[in-house]
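Me: I want to learn to read a structure feature by feature. Please take me through it one question at a time.

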Amino acid sequence: MLIVVVVLVGAAFDPLHPVPSAPFALVVALQVLHCLTPWRSRWSLAVQALLLPWAGPAAAGMVAASALLILRGTARWCAFATVVVTAAVTAAVLAPATPFGITLAVLNAACQGLVLFGVTRLGDTRAALHAARAELAAGSVSDERSRAARELDSVLGTALSTIVSLAGRGEAAKIAEVSRATAARARAVPGPAAAAAPEPDLMPRLALPILVAVHAGYLVTALIYLGGRPVLSLLAAGILGLHLHHALPRPYGARPGHGVWTACLLLLLTAVTLLLPGQAHPQLAGFAVAGFLALGRAWWPVAGAVVAALAVVLAVRGQAPAENLYWTFDAVAVAAMFHGLAVQTSLVLQARRAQRALAALAAADERRRISRDVHDLLGYGLSAITVKAELAVREGEEDAREQLVEIAAIARRSLAALRDIPAEPDPRLSLAAEIDSACSVLRAAGVEVTVRRESDRDDALSAIVLREAVTNVLRHSEAGHCLIEITEDGLLVVNDGVHGPPGAGGGGRGTANLTARVTAAGGTLTAGYADGEYRLVVLYPAVLSGDADGVEPVARV
């Protein structure tokens with residue numbers, strides 16, 4: 001807001017005519033509404049356009065900015081061009097009309113219009129980007145879920161449907177082969193994120209072109225004014241080029257590259273334009289002031305000293321007080337406009353980068369969550385299918401038929417879980433159902449199971465923990481016995497047949513996934529092995545305590 005106010009003052013105030021005409025004052029008042037409030041109407045733009053011939057060329061930049069702010073699409077640029085041409089016509093009817101005066105009116109209208117439009121829309125866009133960061137993150141999460149759902153259906157859904165079909169045909173050996181291959185492929189789902197979609201607002205993409213265009217416009221103005229004199233033309237090009245270097249976007253708090261040296265060089269070139277024999281040329285002094293503004297607030301006193309030095313040099317060189325005041329204020333106005341545009345450009349691009357980074361982080365978190373759920377919720381089902389399929393291959397026809405029926409049921413449950421994963425973890429998971437399923441699968445694998453249940457607790461988190469614990473028993477041990485104990489304090493799963501840390505050679509992430517889940521719920525998970533046994537202990541939030549006795553910690557939060 002402050003940047004827009006400063007730029008407006010620079011564009012609207014004339015020290016030689018501090019009391020503006022009524023048409024000009026009304027144009028300025030409407031421009032304040034357009035730049036500082038959300039109230040932007042085509043009717044107010046029409047009023048500005050009607051007042052333009054009486055308000056004079058100085059008002060053209062504001063009307064041009066309003067056209068860009070209020071209109072959309074091709075109409076905004078056509079109206080912008082029309083206002084600039086009107087500024088030229090208005091300048092042409094003034095006496096005396098000179099080619100330089102007409103050109104200056106055109107370039108001033110175009111550059112001031114672009115600057116006012118730029119600082120206003122960049123400010124609006126920056127505020128909108130900050131306000132919409134959560135919405136973009138949510139949208140990125142939604143896109144990630146949709147993408148993951150497609151991948152899960154393509155990779156795992158097809159495989160599970162195939163398993164159901166194979167179970168109906170009694171092809172147990174083929175089921176075991178498909179389930180093992182699917183378990184390996186599941187570790188890669190979901191894949192890397194897709195490229196971020198572009199924002200619908202064009203302003204971030206217009207920011208740099210506008211910044212370059214207004215510098216180019218002022219350079220053309222300077223070259224015309226200097227009449228093609230080679231030395232002065234080179235000085236003007238050097239001053240505008242150095243200032244563009246200072247104005248280009250950079251990370252927050254960073255100075256332009258070699259900023260102090262380039263600012264001093266900028267000041268030196270400006271001093272040459274003021275001290276050359278003959279007429280002083282103060283038109284470019286504002287860029288030297290802006291160069292020091294870009295170095296940070298510690299250098300703003302130096303910028304003020306440059307303004308004061310300009311007034312002194314012009315006075316020594318015999319400029320009339322009124323002209324001295326005009327050029328001194330012009331330097332301040334140019335510095336404010338160009339530094340304001342540079343700051344807004346840098347801020348909006350930083351906001352866009354921050355917004356994209358937050359959205360990428362949210363999508364990455366969701367991708368990790370989905371990957372974790374695929375591992376925890378589907379890993380057990382695929383392991384159970386593999387165990388039962390291998391058992392069916394070894395058993396007689398009647399027993400094999402029973403295993404195939406159970407395989408089909410597990411595959412269907414896994415398909416249902418698969419559809420729920422991209423949305424959220426399924427809150428309908430039942431601990432009681434998981435205990436029954438765990439006993440069935442473990443006994444099918446030849447593991448004796450003992451269940452001790454001292455609590456009627458039946459929550460989804462405990463069900464997920466038990467499911468992963470049983471998956472670990474199947475994958476990482478040669479267990480002969482497994483104990484499942486549910487108490488008011490927590491959950492305990494102990495199995496034998498372990499000769500080292502589970503997954504020591506396989507890079508499994510099941511325990512880490514469970515640790516993240518339990519910690520997020522406020523609980524504590526301890527997993528470890530000792531004397532050939534593996535113990536997984538979960539303590540619920542209300543009863544947090546130390547490590548289980550006699551266990552060498554493997555994972556601890």
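Me: Start with strand pairing. Which residue in E5 stands opposite Val-494?

Reply: Arg-535 does. First, the ground rules. The model is predicted, so local features need pLDDT of at least 70, side-chain atom pairs count only at pLDDT 80 or more, and totals for chains, interfaces and linings use all residues. Residues are numbered from 1 along each chain as its sequence is written, and side-chain values use heavy atoms, with hydrogens and water left out. Helices (H or I, at least four residues) and strands (E, at least two) are DSSP runs, numbered from the N terminus. Two strands pair if DSSP finds at least two bridges between them. Here, strand E3 (residues 490-495) runs antiparallel to E5, and six bridges join them.

Me: How many bridges does E5 share with strand E4?

Reply: Seven, again in the antiparallel sense, with E4 covering residues 524-530. Thr-524 has Leu-539 of E5 as its bridge partner. The hairpin of E4 and E5 has two residues between the strands, and Asp-531 there takes a positive phi near 55 degrees.

Me: Is His-258 buried or exposed?

Reply: Exposed, at 66% relative accessibility. The cut-offs: buried is under 20% relative accessible area, exposed over 50%, partly exposed in between (1.4 Å probe, protein chains only). Compare strand E5 (residues 533-539): five of its seven residues are buried. Of the 557 residues of the protein, 50% count as buried.

Me: On to helices. What describes a packed pair?

Reply: Two packed helices are described by the angle between their axes and the distance between the axes. Axes are lines fitted to C-alpha atoms, for helices over the stretch in contact, and angles run from 0 to 180 degrees between N-to-C directions. There are 18 helices in the protein, and six strands. Take helix H4 (residues 60-70) and helix H5 (residues 74-93). Their axes are 8 Å apart, at an angle of about 170 degrees. H4 and H5 are therefore roughly antiparallel. Angles under 35 degrees count as roughly parallel, over 145 as roughly antiparallel, 65 to 115 as roughly perpendicular and the rest as oblique.

Me: Which residues of H4 and H5 meet?

Reply: Ala-60, Val-63, Ala-64, Ala-67 and Leu-68 in H4 meet Arg-76, Trp-77, Ala-79, Phe-80, Val-83 and Ala-87 in H5. By class, that is ten nonpolar, no polar and one charged. Ala, Val, Leu, Ile, Met, Phe, Trp, Tyr, Cys and Pro count as nonpolar, Asp, Glu, Lys and Arg as charged, and the others, Gly among them, as polar.

Me: How are H16 and H17 oriented to each other?

Reply: Roughly parallel. The axes of helix H16 (residues 431-444) and H17 cross at roughly 10 degrees and come within 9 Å. The contact includes Leu-431, Glu-434 and Leu-442 of H16, and Ser-462, Arg-467 and Leu-474 of H17. Its residues divide into ten nonpolar, one polar and two charged. Helix H17 (residues 460-476) also holds Thr-471. Thr-471 is buried, at 0% relative accessible area.

Me: Which residues touch Thr-471, leaving aside neighbours within four places in sequence?

Reply: Gly-379, Tyr-380 and Ser-383. Contact means heavy atoms within 4.5 Å. Across the protein, 74% of the contacts with a separation of 6 or more join residues 24 or more positions apart. Cys-35, in helix H2 (residues 22-36), gives a case. Its C-alpha atom is 5.6 Å from that of Thr-120, 85 residues apart along the chain. Cys-35 is buried, at 5% relative accessibility.

Me: Last one. How many residues are in the largest nonpolar core?

Reply: It has 74 residues, and Tyr-218, Phe-287 and Leu-341 have the most contacts inside it. Such a core is a set of buried Ala, Val, Leu, Ile, Met, Phe, Trp, Tyr and Cys residues joined through side-chain atoms within 4.5 Å. Apart from it lies another core, of 63 residues, with Leu-442, Leu-474, Leu-491 and Leu-536 among them. Tyr-218 belongs to helix H9 (residues 203-225). Tyr-218 is buried, at 13% relative accessible area. Beyond four places in sequence, Tyr-218 touches residues including Asn-108, Leu-240, Phe-287 and Phe-338.
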